[in-house]
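The following exercises concern a single protein chain. Please work through each task with the sequence and the structure in view before reading its solution.

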Amino acid sequence: MDTQDGSFHSYVARPDVLPAAAIVVIQEIFGVNADIRDTCDELALQGYIAVSPDLFWRMEPGVDMSDQSEAEWKKGFALYTAFDYDVGVADIASTMETARSLPGTNGKVGLMGYCLGGLMSFITTARKGADASVVYYGGSMEKHLDETNTIKNPLLVHLGEEDEYISKEAQKDIIEALKDNATAQVFTYPGCKHAFARHRGISYDKDAAALSNSRTADFFKLHLK
């Protein structure tokens, strides 16, 4: 992907059958890692062109970590703290624009993200729009709810009820802010912590991941195919 500031890489997974819609997948604080690549590969198996941009390319290109060590968490949070949301929105918008015109696309572009990527998907949806957007446990979403009134496209939000980074009060605020938006749906998952859908993650919940992913698959099938 080319921008006025330079170029960055994206992971791309392609389906066997074209044309297809594209889905831009936004990373967590651990970079475009095995989990995000797995997510893209799963979307390709569902019949989509999945594209995941390297959001941290200005600070450190090619970040690829897990959630298994204290050092990785420390580095991930440092990158998160230094990350510029406005620049991130611009990079995601550029990725979506490129994805929409890739050979073999049907012209539709979905957007989805996890944790930091969930927040960025939410903000990008509010500012730029998409054909359909999915947010998995977007950290600090509650600080950006003043942007909900600009969301016009279909939006699906997944929240773990025991999320250690998104308090019950914050979840209540998110649900309240979106309740009158006819295009938005929020699902909560009892007993689940943050990142319950992260493959091989420390808080992975098999049943909740399967349920949320099936809802996401139905949602994208409805709006992108």
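**Exercise 1. Backbone exceptions**

Task: Determine whether Ser-140 is buried or exposed, and describe its backbone and its place in the chain.

Solution. The model is predicted. Burial requires a relative accessible area under 20%. Ser-140 has a relative accessible area of 14%, so Ser-140 is buried. Its phi is positive, at about 70°, although the residue is not a glycine. Ser-140 belongs to the loop between strand E7 (132–136) and strand E8 (155–160).

Cys-115 may be treated in the like manner. Its phi is positive, about 60°, and it is not a glycine. The residue lies in the loop between E6 and helix H4 (116–127). With a relative accessible area of 14%, Cys-115 is buried.

A further exception concerns a peptide bond. Leu-18 and Pro-19 are joined by a cis peptide bond, with omega about 5°. Pro-19 is found in the loop between strand E3 (10–13) and E4. As background, most residues other than glycine have a negative phi, and most peptide bonds are trans.

**Exercise 2. Cysteines**

Task: State how many disulfides the structure contains, and examine Cys-40 and Cys-115 individually.

Solution. A disulfide is a covalent bond between the sulfur atoms of two cysteines. The test applied is that the two sulfur atoms lie within 2.5 Å. By this test the count is zero. Cys-40 is in no disulfide, and its nearest cysteine sulfur, that of Cys-115, is 16 Å away. At 0% relative accessibility, Cys-40 is also buried. For Cys-115, the closest cysteine sulfur is in Cys-192, at 15 Å, which is too far for a bond.

**Exercise 3. Aromatic rings and charges**

Task: Classify the ring pair of Phe-77 and Tyr-165, and say which parts of the chain the pair ties together.

Solution. The structure holds 14 aromatic pairs. In the pair of Phe-77 and Tyr-165, the centres are 6.2 Å apart and the planes 55° apart, and the pair is tilted. Phe-77 lies in helix H2 (residues 70–82) and Tyr-165 in the loop between E8 and helix H5 (168–178), so the pair ties together parts that are 88 residues apart in sequence. Phe-77 is partly exposed, at 31% relative accessibility, and Tyr-165 is partly exposed at 41%.

The pair of Tyr-189 and Phe-196 is also tilted, because its ring centres are 4.9 Å apart and its planes lie at 40°. Tyr-189 is buried at a relative accessible area of 3%, and Phe-196 is buried at 0%.

Ring pairs also link Phe-30, Trp-73, Phe-77, Tyr-80 and Tyr-165 into a cluster.

Arg-215 lies over the face of Phe-187, 3.9 Å from the ring centre. Lys-225 lies over the face of Tyr-48, 4.8 Å from the ring centre.

Technical notes: Residues numbered from 1 in each chain as written. Predicted model: local features only at pLDDT ≥ 70, side-chain atom pairs only at ≥ 80, totals over all residues. Heavy atoms only, no water. Helix = DSSP H or I, 4+ residues; strand = E, 2+ residues; numbered from the N terminus. Buried < 20%, exposed > 50% of the residue type's maximum accessible area, 1.4 Å probe, protein only. Phe/Tyr/Trp six-rings, centres within 6.5 Å; stacked < 30°, edge-to-face > 60°. Lys NZ or Arg CZ within 6 Å of the ring centre and 35° of its normal.
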